[in-house]
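Here are some exercises to work through with the model open beside you. Try each task before you read its solution.

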Amino acid sequence: MEKIKAAVLLPLDRTQQELLETSGKGRCEFSYIEPKEGREKRLQRLCEVEIVFGEPTLAEIRQCPRLRWIQSSFAGMDRYTMAEDFPVEKVILTNARGCFGTVIAEYIVAVILSLCRNLKSYALCQQEARWQPLGTETLLAGKQILILGAGDIGTAAAKRLKAFGTHLTGMRRTERNHPDCYDAMITEEELDQALPKADIVVGCLPNTARTQRMLNKKRLYQMKKGAFLVNVGRGSLIDTEALVELLKEGWIGGAALDVTEQEPLPPDHPLWRMEQVILTPHIAGVSFGYSKDTENRIVQVFCQNLERYLGRKELRNRVDFSTGYVTVL
């Protein structure tokens with residue numbers, strides 16, 4: 001029987017490669033493509049495979065006649081779902097949903113505590129050897145938190161934030177039972193009523209047609225004055241120009257942004273120089289090369305899906321191009 005050819009575009013260590021080989025059950029031939037390989041050689045190897053583990057470019061996908069399944073190492077799939085020419089009719093796309101909850105939840109807790117206790121401002125004081133109590137710190141305990149996107153990442157954050165004595169409301173696309181860590185669950189239709197009640201708003205949403213600029217100028221003004229805004233999903237969620245305006249006014253008390261509408265953010269952008277803003281370069285969900293725990297979770301997702309693929313079973317985390325979300329089995 002001819003082996004199924006699979007290309008791996010990720011820097012796996014030997015133990016991770018052995019897991020792939022075991023899951024392939026001798027029926028797969030794996031090709032590990034290094035980043036330093038030339039474009040022509042890389043494309044030539046990709047053209048021979050049925051499976052790709054990693055993130056091929058759209059141009060490469062279009063030129064791979066045998067390709068049938070891509071297992072991405074990312075959670076957000078907008079690079080593919082927002083493209084007009086992805087070959088949906090012949091290529092299955094699955095993502096790494098369920099792998100980033102822990103690492104991104106810890107980031108969310110870290111930046112919320114930093115905003116509450118003015119840690120960035122005190123770090124600036126330290127640089128200037130300035131002993132200056134600001135007197136504007138606030139407690140996380142008792143805060144009303146609204147999490148936009150109560151999926152894997154949002155719920156992982158909610159479980160941790162619950163321990164601080166907060167009141168948590170989640171927002172999902174559809175109404176369904178919610179984990180005990182939430183005190184309430186809403187849909188998008190109830191967002192306008194929920195925003196004015198929240199002390200902290202956390203964005204964990206993907207980039208879809210429905211989520212783009214969901215937090216427009218009108219909705220940003222619906223937020224409670226002095227509230228904090230955190231975004232770890234996609235920068236397209238927020239009208240950046242309006243956010244800058246409301247931060248300057250003091251309507252929004254502070255923001256922590258791991259994602260922005262334009263990445264990287266231009267050096268002359270005003271967000272860089274705002275003391276009440278924490279900016280990080282899309283690192284909340286670190287994985288390959290940074291977090292071995294997250295790496296192994298992603299490898300496990302691929303291995304489990306590979307076994308399902310070989311057994312002709314429905315794949316987990318299959319992306320629905322009509323919504324931009326995954327189909328949960």
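**Exercise 1.** Decide whether E55 is buried, partly exposed or exposed, and find what surrounds this residue.

*Solution.* Step 1: E55 has a relative accessible area of 15%, so E55 is buried; buried means under 20% relative accessible area, exposed over 50% and partly exposed in between, with a 1.4 Å probe and protein chains only. Helices here are DSSP runs of H or I with at least four residues, strands are runs of E with at least two, and both are numbered from the N terminus. Step 3: list the contacts, meaning heavy atoms within 4.5 Å. Leaving aside neighbours within four places in sequence, E55 is in contact with L9, L10, R42, S72, S73, F74, R79 and Y80. Step 4: compare sequence with space for E55 and Q71, which are 16 residues apart in sequence and 8.0 Å apart from C-alpha to C-alpha.

Before you go on, keep in mind that this is a predicted model: local features need pLDDT of at least 70, side-chain atom pairs count only at pLDDT 80 or more, and totals for chains, interfaces and linings use all residues. Residues are numbered from 1 along each chain as its sequence is written, and side-chain values use heavy atoms, with hydrogens and water left out.

**Exercise 2.** Find the residues that touch the most other members of the largest nonpolar core.

*Solution.* Step 1: apply the rule that a nonpolar core is a set of buried Ala, Val, Leu, Ile, Met, Phe, Trp, Tyr and Cys residues joined through side-chain atoms within 4.5 Å. Step 2: the largest core has 57 residues, and L20, F53, I108, I112, L161 and V202 touch the most other members. Step 3: helix α5 (residues 101-116) supplies the largest share of this core, 10 residues. Step 4: apart from this core lies another, of 31 residues, including I186, L220, L237 and I252. Step 5: look around L20, whose contacts beyond four places in sequence are V8, L12, F30, Y32, F53, V299, F302, C303 and L306.

**Exercise 3.** Where do R14 and E18, the partners of another salt bridge, lie?

*Solution.* Step 1: their side chains meet at 3.7 Å, N to O. Step 2: R14 and E18 both lie in helix α1 (residues 14-24), four residues apart, about one turn of the helix. Step 3: E18 counts as partly exposed, at 40% relative accessibility.

Note on methods:
A salt bridge is a side-chain nitrogen of Lys or Arg within 4 Å of a carboxyl oxygen of Asp or Glu.
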